[in-house]
Amino acid sequence: MDNLVVAEKPSALNLGDFRGENYIGAFAYLNQESIIYSSVVGRYTSIGHKVMIGATEHPANWLSTHPFTYAKQSAFSPCPEYDLICTDEDFPPNDRITFIGNDVWIGYGVYIRRGVTIGDGAVIGAGAVVTKDVEPYTIVGGTPAKLIRPRFDADIVARMQKLQWWNYILDKRRLPGIQYADLSASLGQLEEAVSNGKLEIFAPEKIAFKRKGHNLVVQQFK
Ligand SMILES: CC(C)(COP(=O)(O)OP(=O)(O)OC[C@H]1O[C@@H](n2cnc3c(N)ncnc32)[C@H](O)[C@@H]1OP(=O)(O)O)[C@@H](O)C(=O)NCCC(=O)NCCS
């Protein structure tokens, strides 16, 4: 499979690595030794060091877990000894995509299992192993990851989910004096700006990155 990343501009992805086909939203970034496999990552998502998202699975209930039972392409191809034994079987769990929402914060050393969906605004605590979907605007942690607490009261979460602020250009000149530390005031200010049509829709340019070895080669993408 080709290793391809389509990324909205700007996004800061050069410190990490990618496998399979990925789509990364604007202002998302990832830190050293992080690897993303076959995922869709939302805008403004922060990914810490040593994070692994959507790694491929091996069949634990087949005769062997080794790729020769289900993968023509592997670390051994093209090698005649491998060619002789590998099969045409598919291992369906590896067809799944992993979805990471917008404004998600993923801490140091997190593992997110392939096929999981992380809701918008979620926080994944350092060292978590995420095996199940994570609700929007919740903080989870541990192995396996469990709810630590919701980020906000339910009414604020509902307003955040309706607003989806990442779909607008948060132009400071159109948001005078905005203070994001003041949740209630800044949320109200954004809601008002959106309903009055003061903020433009954010429709960033996209770039395609093709991974060759460990270098990401940047190409313009229409
Ligand atoms: C999860 C996190 C965001 C804290 O959330 P919080 O709601 O402020 O957590 P609190 O400190 O109030 O702790 C609440 C509970 O969660 C537990 N907890 C905190 N972080 C945890 C983690 N990473 N994993 C498991 N449990 C955790 C606390 O021990 C506490 O448990 P208790 O109620 O039994 O005492 C933070 O601990 C964390 O993991 N940050 C990531 C930092 C990081 O990785 N930075 C580098 C990358 S940018």
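1. Which polar backbone atom lies 2.7 Å from an oxygen atom of the ligand? One of Tyr108 does. This is a polar contact (a pair of N or O atoms within 3.5 Å).

2. A word on the source. The model is predicted: local features need pLDDT of at least 70, side-chain atom pairs count only at pLDDT 80 or more, and totals for chains, interfaces and linings use all residues. Residues are numbered from 1 along each chain as its sequence is written, and side-chain values use heavy atoms, with hydrogens and water left out.

3. A backbone N or O atom of Ala126 lies 2.8 Å from one. For Arg149, a polar side-chain atom lies 2.6 Å from a ligand oxygen. The ligand has 910 Å² of accessible area on its own, and the protein covers 43% of it (Shrake-Rupley method, 1.4 Å probe).

4. Now the shell around the ligand. Residues near the ligand (a heavy atom within 4 Å) include Gly48, Trp105, Val123, Ile139 and Ile148. By class, the shell has 6 nonpolar, 5 polar and 1 charged residues. Gly counts as polar here, Trp and Tyr as nonpolar, and Arg as charged.

5. Next, the helices (DSSP runs of H or I, at least four residues). H2 (residues 154-163) and H3 (residues 183-195) pack at about 35 degrees, with axes 11 Å apart. The axes are lines fitted to C-alpha atoms over the stretch in contact, and angles run from 0 to 180 degrees between N-to-C directions.

6. Which residues of H2 meet H3? They are Ile156, Arg159, Met160 and Leu163. Contact means heavy atoms within 4.5 Å. The contact residues divide into 7 nonpolar, 1 polar and 2 charged.

Technical notes: A polar contact is a pair of N or O atoms within 3.5 Å; within protein, one must be able to donate a hydrogen and the other to accept it, and residues adjacent in sequence count only if both atoms are side-chain atoms. Helices (H or I, at least four residues) and strands (E, at least two) are DSSP runs, numbered from the N terminus.
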